[in-house]
Structures are given as structure tokens and as C-alpha cells.
Amino acid sequence: MGKFVLKDTFFQKAKQEGYRARSAYKLKEIQNRFHILKKGDKVLDLGCSPGSFLQVIADIVGQEGKIIGIDILPLTPLPYKNVITVMCDIRETDIKELMHIRSLQRFDVVTCDISPNLSGISEVDNKNIGELYQAVQKVVSEGLREGGHFVIKSFFSDTFKGISIELKKIFMRVSVFKPMASRSASSEIYLICMNKKKPADSQRR
Ligand SMILES: C[S@@+](CC[C@H](N)C(=O)[O-])C[C@H]1O[C@@H](n2cnc3c(N)ncnc32)[C@H](O)[C@@H]1O
């Protein structure tokens, strides 16, 4: 019963406050706790549709910030001049080219709320998730600046431990966080990865 009340609370709140999804409150909680975003930041949001993370990010980074959202699904345009959305599969995206087209050197923050489409066939799903994670890791390696922050929803529970270990080599600090707005029945958790190391430092550890 409690779970449904919680679901309704965040769902209704999102409707009342004009957010496109309850996920907005997950990112707000992450921000309140870890302060990953700041005014003027350049941010990349992976798996951005329907757009509630983008709404929260745009409000924080303001007019001086720049935001790019990527999703395989289309997204109804948001009323922010500094938000660009690109419809594509992250596995087929050349992030360097995307940054070049948008005159960006590096992102300050990358968020990834991707939920893979699962078939229920574990062999197929594991392959899909593996490819997805490789693609996300490449984006972080090529697109996120040193000292930048990365937030990823852990949709790969089986491989969670390994990924968490890998991320600890790349970032100074990695925290596991379960927002209140995340359904308690769901195994969803977020990894909050702070302060990307210099490449030489990340190879040492
Ligand atoms: C939970 S939703 C994201 C919600 C979003 N953060 C928000 O606040 O509105 C997950 C998204 O991941 C996207 N997705 C799944 N696989 C993807 C892929 N390979 N490349 C890009 N986006 C993908 C889905 O289309 C879906 O829109």
C-alpha cells in the first residue's frame, strides 16, 4: 500500500509542478545531496526522453549553460534555448563529432538514466547491456572533462559490482544512492561518480 501512495505522490507532484516524469525528483535529490550541477555547466543527458532530467538541469545551469540530450525515442521540444536533443542510439553516436558540431570542448557533467529495452532472453539482454555500458563508458572517457561528474542508473544488476569497481578507477569518489522518488520495489539505484581523474591517475589504480 505504502509503495503505491509513494508512487502517487511523486506522480501527482510531477503533474502539478509541470515535470514530464517523476524522474525529475530523483535528480533533484541527487543534486541536493551531491551538488553535481552548477550554473553555467555543459551537460550531456543520456536517455533523456520524456525530458524531466533536462528540465531540472536547465533550471540549475541557467542561460549560460548548454545541455545536449540523447535518446532513441523522439522528445517533444522543451521551451529552453540552451537545450538541444538528438534522436539516436547511444551505441551508434560519435560523441566527439557531436561536441564538435555544437562547439563544445568537454562536458562538465554527464547523466545517464537509460533503461535498456529488455527481451527477457538473458543472452540477448546481457549482450545488449554490455554494449550499452561500453558505449556509455566511451562517452565518459571522450566527453567528460577531468574533475567532471557522472551519474548513472544501474540497470545492470548482475554486473553492478564489476562496473562499480571500474568506475572507482576513473573517478575519485563513487557513491551508491537510492532516491526516495525511486520506487522501493524497483532494484534501481544510481552511482554518483565525482571528480574524474586524470587519465594517467586512473590507469595507476
Ligand atoms: C527512464 S527513461 C529516461 C527518463 C528521463 N531521464 C527523464 O527524466 O525524462 C529511459 C530512456 O532510455 C532510453 N534508451 C534506451 N536505450 C537507449 C539507447 N540505446 N540509446 C539512447 N537512449 C536509450 C529510452 O528510450 C528511454 O527514453
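User: Before we start, what does it take for a molecule to sit in a pocket?
Analyst: A molecule sits in a pocket if more than half of its atoms lie within 2 Å of the pocket's grid points. Keep in mind that this is a predicted model.

User: Fine. Where does the ligand sit?
Analyst: The ligand sits in the largest pocket.

User: Which residues come nearest to the ligand?
Analyst: There are 19 residues around the ligand. Gly-51, Ser-52, Asp-71, Asp-89 and Asp-113 come nearest.

User: How does that shell divide into nonpolar, polar and charged?
Analyst: Nine residues of the shell are nonpolar. Six are polar and four are charged.

User: Let's get to atoms. What lies 2.7 Å from a nitrogen atom of the ligand?
Analyst: That is an N or O atom in the side chain of Asp-113. The backbone takes part too. A backbone N or O atom of Ile-90 lies 3.0 Å from a nitrogen atom of the ligand. For Gly-51, a backbone N or O atom is 2.9 Å from an oxygen atom of the ligand.

User: And how much of the ligand does the protein bury?
Analyst: The protein buries 90% of the 610 Å² that the ligand exposes when taken alone.

User: New topic. How many aromatic pairs are there?
Analyst: The count comes to four aromatic pairs. One of them joins Tyr-19 and Tyr-25. Their centres are 5.6 Å apart, with 80 degrees between the planes, and the pair is edge-to-face.

User: Are those two buried or exposed?
Analyst: Tyr-19 is buried, because its relative accessible area of 15% is under the 20% cut-off. Tyr-25 also counts as buried, at 4% relative accessibility.

User: What about Phe-34 and Phe-177, and why is that pair edge-to-face?
Analyst: Their planes stand at 85 degrees, and over 60 counts as edge-to-face. The ring centres of Phe-34 and Phe-177 are 5.5 Å apart.

Note on methods: Residues are numbered from 1 along each chain as its sequence is written. This is a predicted model: local features need pLDDT of at least 70, side-chain atom pairs count only at pLDDT 80 or more; totals for chains, interfaces and linings use all residues. Side-chain values use heavy atoms; hydrogens and water are left out. A residue is near a molecule or strand if one of its heavy atoms lies within 4 Å of it. A polar contact is a pair of N or O atoms within 3.5 Å; within protein, one must be able to donate a hydrogen and the other to accept it, and residues adjacent in sequence count only if both atoms are side-chain atoms. Accessible areas come from the Shrake-Rupley method with a 1.4 Å probe; for residues, only the protein chains shown count as cover. On a 1 Å grid over the protein atoms alone, a cavity is a set of points where a 1.4 Å probe fits but cannot get out, and a pocket is an open set with protein on both sides within 12 Å along at least five of seven lines; lining residues have an atom within 4 Å of a point. Ala, Val, Leu, Ile, Met, Phe, Trp, Tyr, Cys and Pro count as nonpolar, Asp, Glu, Lys and Arg as charged, and the others, Gly among them, as polar. Rings of Phe, Tyr and Trp (its six-membered ring) pair if their centres lie within 6.5 Å; planes under 30 degrees apart count as stacked, over 60 as edge-to-face and the rest as tilted. Buried means under 20% relative accessible area, exposed over 50%, partly exposed in between (1.4 Å probe, protein chains only).
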